Amino acid sequence: MTETPAVHASGLLKTFGALRAVDGIDLEVSQGEILGVLGPNGAGKTTMLRMLATLLPIDAGTAHIFGVDVAREPHRVRQLIGVTGQYASVDENLTASENLWLFGRLQGMRSADARATAGRLLVQFGLEEAAERPLSQFSGGMRRRLDLAASLITRPPLIFLDEPTTGLDPRTRGQMWDTIRSLVAEGCTVLLTTQYLDEADQLADRIAVIDRGRKVAEGTPDELKASVGSSTLQLQLAAGSDQAVACDVVRRVLGSEPVLTPESGRINAPLTVADRAADVLIALRESAVAIDSVSVAKPTLDEVFLTITGHDATHEPDRTNDDEPAMEVAR
Amino acid sequence: MSTATLTVDPAAAVAGTRARTSPVETVSQTFSMAWRALKNMRRNPEQFFDVTLQPLLFTAMFAFVFGGAISGDVASYLPLMIPGIVAQTVLTTCMATGVQLREDMDKGVFDRFKSLPIARIAPLAGPMVADLVRYLIAASLTFVMGMILGYRPGGGVIGVLAAVVLAVFTGWAIAWIFTWVGTIARSARSVQGISMMILFPLTFLSNAFVPVDTLPSALQTFVNINPVSHLVSATRDLANSATITSQVGWTLLAGIVVMAIFAPLAVRSYKRHL
């Protein structure tokens with residue numbers, strides 16, 4: 001028996017005037033999976049997610065959440081999902097525990113149950129100290145955590161996360177990743193959007209790359225990276241090192257042609273397996289070539305985009321925001 | 001609810017979903033939203049300025065400015081004017097309902113409300129239930145200020161209470177117009193502008209401050225069908241002589257008609273905002 005997919009969408013379309021914000025996207029997310037939707041600002045990620053989460057009407061195409069039609073039965077769909085947006089969708093004038101209590105009450109919990117759930121979530125998200133503090137004193141990371149906690153009150157089987165770590169410091173980002181992983185460990189399915197390849201790589205089982213409203217690639221992180229190409233080994237030679245010898249060594253060990261910048265003494269070489277970097281370093285030492293620094297650069301989002309779409313990921317107009325003034329104010 | 005197992009079971013979750021909210025749930029959700037609105041009010045006391053300062057200021061101002069011209073002196077103008085001010089302040093309070101709803105809808109938390117399986121009317125109706133408190137304050141303060149100026153309502157305590165209740169009900173009904181404006185306008189500022197255009201003709205083209213027979217006949221026709229006129233007349237009858245006249249009936253009917261038209265309009269336009 002095949003399981004009903006958590007998300008099944010085909011031909012999703014959303015236009016704002018002449019702009020096709022989401023232009024015929026097909027998407028399928030299996031139960032218990034994390035799908036990362038990767039794309040630059042304005043690619044249509046948020047618009048697509050808002051359509052799936054019943055927050056925007058679907059102009060054309062169909063979407064089903066656990067087999068329930070999003071357009072026809074939005075009320076049922078809302079009982080199956082939790083949504084955490086790019087900005088905090090919590091009440092600024094209430095405390096953290098009041099917020100969670102309110103959302104619990106609104107979803108039919110009795111007052112005592114709502115209070116207990118709120119308390120449990122505040123502990124789980126490390127917010128119990130700040131439970132009664134006004135939200136104006138919350139940091140960005142605390143708000144984001146509260147926001148996620150608010151999405152989990154009724155333990156929905158599908159969680160939508162819209163750029164969950166944008167603007168967070170690395171430590172808070174790591175905590176958020178752990179939280180997301182633990183959700184999946186409990187059986188949740190997660191659909192998250194992100195601008196960071198790194199984040200998609202860390203979290204997602206599969207990645208869909210969205211650009212200008214279209215899905216341009218889909219696959220596991222490894223497949224995606226393989227399609228983008230290998231990492232790059234960057235060597236900074238010490239002053240006075242023999243650049244020709246260094247190039248020979250790199251060529252011999254890696255079997256590929258290094259690129260030398262003679263003025264700065266820098267060598268770049270494509271690297272298929274990261275282990276080989278160590279082999280290069282050992283060979284260089286044996287040949288008495290001194291190096292100042294060494295680094296292995298992974299493909300960046302820009303490179304992914306350049307390769308897949310043939311254009312730069314940055315400098316795209318922020319299309320979603322232009323057409324949704326209400327959201328603009330909300331930030 | 002079983003809390004023994006912490007894992008999520010999608011199949012059970014799907015089976016457990018319901019197609020729509022029941023009336024009982026809708027009421028409970030509306031009260032939860034009202035609780036939120038009251039908390040917000042308590043933490044932003046400046047929201048109360050229009051229901052506290054305005055009745056005090058307008059009552060004193062209108063009494064002394066118009067009293068002599070219209071009724072000969074302030075004391076004999078008060079029984080005519082106080083019910084008019086009650087209607088006016090309650091209507092102004094309604095306007096704030098629309099403006100605040102618009103501001104509220106632009107906040108991130110409204111996105112969460114939209115994504116929750118709750119009745120679409122609850123986020124609109126909740127603040128309106130909380131606003132009953134504001135209408136109550138506005139109407140009561142106007143009477144109190146009137147009495148300080150020398151108004152002695154002939155209807156006694158019962159008459160005044162009945163007048164306050166009627167004013168609060170009408171305010172709540174008419175607030176649906178401004179709630180609708182709140183959902184169609186692009187910004188809180190434009191809600192304010194549009195509401196002013198509705199509010200001024202409604203209050204001043206009525207019998208609130210002047211006797212109707214002093215007006216041109218074309219204007220009298222409008223004044224006589226204006227629900228605010230009925231509210232003012234009914235309030236006068238209740239507060240000044242504790243009698244329930246047909247004006248009370250017309251006021252209730254007008255309130256119900258306004259609600260029947262504008263509550264569905266407001267909900268529909270709110271849904272379109274999704």
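The model is a predicted one, in which local features need pLDDT of at least 70, side-chain atom pairs count only at pLDDT 80 or more, and totals for chains, interfaces and linings use all residues. Residues are numbered from 1 along each chain as its sequence is written, while chains are lettered from A and ligands numbered from 1 in the order in which they are written.

Helices and strands are DSSP runs numbered from the N terminus (helices H or I, at least four residues; strands E, at least two), and two strands pair if DSSP finds at least two bridges between them. In chain A, strand 1 (residues 7–16) pairs with strand 4 (residues 60–65) in the antiparallel sense over five bridges; here A:L13 has A:A60 of strand 4 as its bridge partner. Strand 4 of chain A also pairs with strand 5 (residues 68–69), again in the antiparallel sense, over two bridges, and A:I65 stands opposite A:V68 of strand 5. The hairpin of strands 4 and 5 of chain A has two residues between the strands, and A:F66 takes a positive phi near 50° there.

Helix 1 of chain A (residues 45–52) is mostly covered, with eight of its eight residues buried. A residue counts as buried if 20 or more other C-beta atoms, placed from the backbone, lie within 10 Å of its own, as exposed if 12 or fewer do, and as partly exposed in between. The buried residues of this helix include A:K45, A:R50 and A:L52. After helix 1 of chain A comes A:T54, with a positive phi near 65°.

Turning to chain B, the count is 11 helices and zero strands. The C-alpha trace of chain B spans about 80 × 35 × 35 Å along its principal axes, and 47% of its 274 residues are buried. Residues are in contact if their C-beta atoms, placed from the backbone, lie within 7 Å. Among contacts in chain B between residues at least 6 apart in sequence, 80% join residues at least 24 apart.

Notes: Two residues are in contact if their C-beta atoms, placed from the backbone, lie within 7 Å.
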